[in-house]
Amino acid sequence: MTLHIFNPEHDIALAYDNKYFTAPHAGRLLRHDLDYLPVLWAAEGDYVLVENIGSAKQHALRFQRFGKQVNFVSRNDVERLSEYIDNVSPWGWDSALKFQLEQMGVKTAVLPIDKELADIRKLSNRQFSSAVLEDVQTQLANPVLLGKAFYADCFADLESMLQTIGKAVIKAPWSSSGRGVRYVDSILEPALANWAKNVIKMQGGIMIEPYYNKVKDFGVEFYSDAEGVHYAGLSVFHTVNGAYLGNSLADEVEKKSILSTYISEGLLNDVVTSLEQLLTSQLRGVYRGPLGVDMMIVAAEKGFMLHPVVEINLRRTMGHVALSLSSRHELSDRIMRIDYDGAHYHLHLVHKDR
């Protein structure tokens, strides 16, 4: 059986790169409240690790008809069932999760070795996204594509680059859900300067990108296996200041129709094909599992342009979760949304007009 784990604190764990990492309160709460989510993509009879089995069953009832019958298990159950677990499928792999699973008694043979974890961490750095962005633009040489990203390993270089770029977005190399992203004009205010210095100290550097007039967020979801990287579907999502709000559950035809208002379907297909080739050359034999590439449509002087690689998430994404639901015709007019009521997180499937 496969053991599924929802560990949304994964991106922050990558930044710390410490097996003893403890997630901040918001990360622990998100994991606790939504740990039942793998019911949407797990196979029949698989195990899903949760903190409270009764609570998980109660929350999963709303979505049970969209998934398979799974077995919710606690940490104490995992050691008892370890001989039956021949695969582990987390939201994302990091050293902290591996250590947690070792403590639960999961067999070493089904866990990634430290070299694999180091490779995943390296390829999850936004520097990798920057390199792939440049490769896509070089390969396609299409004037409708745009996007640049620079890396500074000291504060003086950051200040110098900002003087050249002007209005910009600065990003921690490893971060999640917009938390490691800041918007800045050419001069850093003291509080922002302190934040940037701390990022450079903790993570070794910082990313700088020109500010673009974004009009639409979306992503392309992939799976990586022994053969290479393969297209899985489009993800049309909604954000505020970089923080994820929700995904459209439209089918592929409707999602392509939404995007064709801004860019041609031919260009999108070319970008997807290019990414399959480029990512296969980088990830084959290194990473197996789901991944996503965030993109955005930008308003420019001569019309709309496409930024093809805003970031690469070497893990499962909410776009993959949405794809698990998008095949259901009765959900085609819904938005998959995560809400926070001040105490807990909830997954809702709401009509688009709400």
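**Cavities, a pocket and a helix pair**

Reply: The lining of the second largest cavity in this predicted model consists of four nonpolar and four charged residues, with no polar ones. The residues in question are I5, F6, R31, D35, L49, V50, E51 and R75.

In total, the structure has five cavities of 30 Å³ or more. The largest cavity holds about 130 Å³. Its lining is made of 14 residues, and D11, S124, S175, I312 and N313 are the closest to the centre. Two or more lining residues of the largest cavity come from each of α1 (10–16), α7 and β14 (303–313). Sorted by class, this lining has five nonpolar, five polar and four charged residues.

Next come the open spaces. The second largest pocket contains about 510 Å³ of space. It is lined by 22 residues, of which N87, V88, W93, R288 and G289 lie closest to the pocket centre. Three elements each contribute at least two residues to the lining of this pocket: β4 (87–90), α6 (114–124) and β13 (289–300). Strand β4 gives the largest share, with four residues. The lining of the second largest pocket is made up of 13 nonpolar, five polar and four charged residues.

Helix α7, already named as a contributor to the lining of the largest cavity, also belongs to the helix pair. Two packed helices are described by the angle between their axes and the distance between the axes. For α7 (residues 126–140) and α11 (residues 265–283), the axes come within 10 Å and cross at roughly 130°. The pair is therefore classed as oblique. The crossing of α7 and α11 is right-handed. On the α7 side, the contact is made by F128, V132, D135, V136, Q139 and L140. On the α11 side, the contact residues are D270, V271, S274, L275, Q277, L278, L279 and Q282. By class, the residues of this contact comprise eight nonpolar, four polar and two charged.

Technical notes: Residues are numbered from 1 along each chain as its sequence is written. This is a predicted model: local features need pLDDT of at least 70, side-chain atom pairs count only at pLDDT 80 or more; totals for chains, interfaces and linings use all residues. Side-chain values use heavy atoms; hydrogens and water are left out. Axes are lines fitted to C-alpha atoms, for helices over the stretch in contact, and angles run from 0 to 180 degrees between N-to-C directions. Angles under 35 degrees count as roughly parallel, over 145 as roughly antiparallel, 65 to 115 as roughly perpendicular and the rest as oblique. A crossing is left-handed if the near helix is turned anticlockwise from the far one by less than a right angle, and right-handed if clockwise. Contact means heavy atoms within 4.5 Å. Ala, Val, Leu, Ile, Met, Phe, Trp, Tyr, Cys and Pro count as nonpolar, Asp, Glu, Lys and Arg as charged, and the others, Gly among them, as polar. On a 1 Å grid over the protein atoms alone, a cavity is a set of points where a 1.4 Å probe fits but cannot get out, and a pocket is an open set with protein on both sides within 12 Å along at least five of seven lines; lining residues have an atom within 4 Å of a point. Grid points are joined across faces, edges and corners, and a volume is the space filled by probe spheres set on the points.
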